[in-house]
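Subject: Structure for your attention

Dear colleague,

I am handing over the structure that is shown below, and I would be glad if you could look through it alongside my notes.

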Amino acid sequence: MAKTTYSAFLALLAASVMMTGCSDSGMDTATDNPATAQHDEAVDLDTLITDAESSLAEADKLGFAWSVTAPLLEEAHTAAKAGNKEQAIALFQEVKHQSMLAIEQAHYAEKHWQLLIPK
Amino acid sequence: MKGLTCLSAILLGSLLVSAPSYADPQSDQDDIRAFFEKRFPKVELAGFADGVYAINENARTQWLEIEEFPPYEDAVDEGQGYFETPFANGKSYADCFPNGGIGIKQDYPKFDTDSGEVITIEYAINQCRTANGEEPLAYGQGELAYISAYMASTARDNIINVVIPDDERALAAYEAGKKMFYERKGQLNMACATCHISSAGAQLRAEITSPALGHTTHFPAFRFAWDDIGTLQKRYAGCNTQVRAKPFALQSEQYRNLEYFHTYMANGLPLNGPGSRK
Amino acid sequence: MQRRLLLKSLLGFTTMAAAMTAMPRLAMAKWSKAFDNGTVDGALNDLYGSAELTADDAITLKVPEIAENGSVVPVTVKSKMANVTNISIFADKNPQPLAASFTLPEGTAADVSIRIRLGETQVVKAVVEADGKLYTKEQEVKVTIGGCGG
Amino acid sequence: MKIKAKMKKDMAVVKVLAKHPMETGLRKDKKTDKVIPAKFIKELVCTHGDKVVFHADFGRAVSKNPYVSFSFAGAQKGDTLAMTWTDNTDETLTVEAPIK
């Protein structure tokens, strides 16, 4: 019981984080993300690309991918091809970040989708 | 922090107690009706078929004026033309449907116990085509939407009567559609129910959100935003995109299940499609 | 049933010819000027030779308070006055304010409806010409940015 | 063009929906970024017998697929109306309809 309570709490927290995340409208979250700001040359672009793409694929498989993520991925690839490594990293990280949130939404929905049913 | 944990424990607890594995569709319908009757006491059940125009007088007046000379009439005529044109093999759409396809929309979506899937009227139109050696049409807009609009027009005022047969797969399809209706998704973390149940009738930016009850009655609809007739599932994809969730393919299993649930909720309401919407 | 007639078909041609001869000569010339004018007063002057309007409650202007859709706003103008010869509709913030002008011969009621486009929230003005004088009634129509609806 | 004309007491009530793009010439094609050339109805005339009973001049603000309604006296059930529009490219269409 203690464990399930904890994960429910996590899910609620994730949901509330997402809610606040939305209020300052989407696309510029890349710059707000501390993980992005702190990266340095140590980031391996190839691993990041694999991560970003597999996260998005998982979110998609769960039926929870965001409509804004795939265009972002395209943008990221374009940046990488153009040699803008820094921008590409930021964008791939954002793709990964959005996909993780989407996956979290799917998990949350699995447990709590009935909350909105009128009683 | 402790308070929050406590709250979530209570929420979880109540879920564990109150959530049966499969809800009873009939009682779902009763609950939704009771909810909307309470929220919009002045609207009679059949009135919900008018969508947002049942709950907003200003919008209703303009809508009635548009419906006096509706923008979809030509599309319905065109749809009739397609519907009545025989296939290369000499058969026609009429051969695929009960009662020659006339006045039958109230029975869709149907659950096909042979294939184990939900059959919407648009899905059936394409099944009819492929069974007769014709290429399937694009879903959403154009020829198929016009045919569907014509078929809807022949079923106007008929009472929606979606049946969930005594079949586990049918109930599972219904349940999957229901889940999709209530689950939050997309970058905006919103469910269908967020706007169309919890906040139905509220002002969302410049719009008044329509009640979920009665959504399905007037599709395919002519939307001025589309400048054309489009199907219900095209609207689903639009709604998903509006909350920044990646839409499913039109007539995918997911959307057909959603339409199954969504239309079942409207059982007993009159069909009034095609309708015009903003 | 309606019959669609091409202009070139004989019947269509005679109908058109009848329409052309009966049409007031000035109509076309009036058109280009007033409808291209960028201001309400300018268009009024082009159309009527005057921009002097008297507000009058004998005119009914039916427009929505909030437009459902800015690209199809239903407008109805009625007047109880005698000898109404023309009704025009203006939208002051559209690039060319004059939206439509109706010439009403004797026997045609001062009661017309049309659907117009409004690019933004603005005042819709009905102008009625009766016995050579101009009367007006106006109302604001709010136009919001759409997106939802279903 | 669709016409619905109906006697209501001693007045013929006429409703018309013309099929026309009503392009203002002020709009750009989103894809090509080119201005879409103007094509709009300038004039709609209704005749009953030899008499013009209604004459409308349209500006660019008239909605796509223009709709107008009006009513006039002196007609009878079964009479025929002729409605003619002319657009800025001089294309024109005449449609006849009976009064019901």
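Predicted model: local features only at pLDDT ≥ 70, side-chain atom pairs only at ≥ 80, totals over all residues.

Residues are numbered from 1 along each chain as its sequence is written, chains are lettered from A and ligands numbered from 1 in the order in which they are written, and side-chain values use heavy atoms, with hydrogens and water left out.

Chain C contains 3 helices and 10 strands, where helices (H or I, at least four residues) and strands (E, at least two) are DSSP runs numbered from the N terminus. Along the sequence these elements follow the pattern β-α-α-α-β-β-β-β-β-β-β-β-β. Of the 150 residues of chain C, 49% count as buried, buried being under 20% relative accessible area, exposed over 50% and partly exposed in between (1.4 Å probe, protein chains only). Among the contacts (heavy atoms within 4.5 Å) in chain C between residues at least 6 apart in sequence, 59% join residues at least 24 apart.

Turning to the interface of chain C and chain D, 43 residues of chain C are in contact with 44 residues of chain D. The area buried between these two chains is about 3,700 Å², with 54% given by carbon and sulfur atoms; buried area is the accessible area (1.4 Å probe) that two parts lose on being put together, summed over both. The count of salt bridges here is 1, a salt bridge being a side-chain nitrogen of Lys or Arg within 4 Å of a carboxyl oxygen of Asp or Glu, and the side chains of Asp36(C) and Arg60(D) meet in a salt bridge at 2.8 Å, N to O. On the side of chain C that touches chain D, at least two residues each come from strand 1 (3–5), helix 1 (10–22), helix 2 (26–36), strand 7 (98–103) and strand 8 (111–116).

Between chain C and chain B, the contact takes 17 residues from chain C and 20 residues from chain B, and about 1,700 Å² is buried, 48% of it on carbon and sulfur atoms. The rule finds 2 salt bridges across this interface, and Glu68(C) and Lys278(B) meet in a salt bridge through their side chains (3.9 Å, N to O).

As for the cores, the largest nonpolar core has 57 residues, and Val77(C), Phe102(C), Ile114(C), Met1(D), Phe54(D), Phe58(D) and Phe70(D) touch the most other members; such a core is a set of buried Ala, Val, Leu, Ile, Met, Phe, Trp, Tyr and Cys residues joined through side-chain atoms within 4.5 Å. A second, separate core of 42 residues includes Leu116(A), Phe48(B), Val118(B) and Leu232(B).

Two single residues remain. Gln98(A) lies in helix 6 (residues 85–112) of chain A and counts as buried because its relative accessibility is 1%; neighbours within four places in sequence aside, Gln98(A) is in contact with Trp66(A), Val68(A), Thr69(A), Leu72(A) and Gln187(B). Thr32(D) is in the loop between strand 2 (11–17) and strand 3 (41–48) of chain D and is partly exposed, with a relative accessible area of 48%.

With best regards
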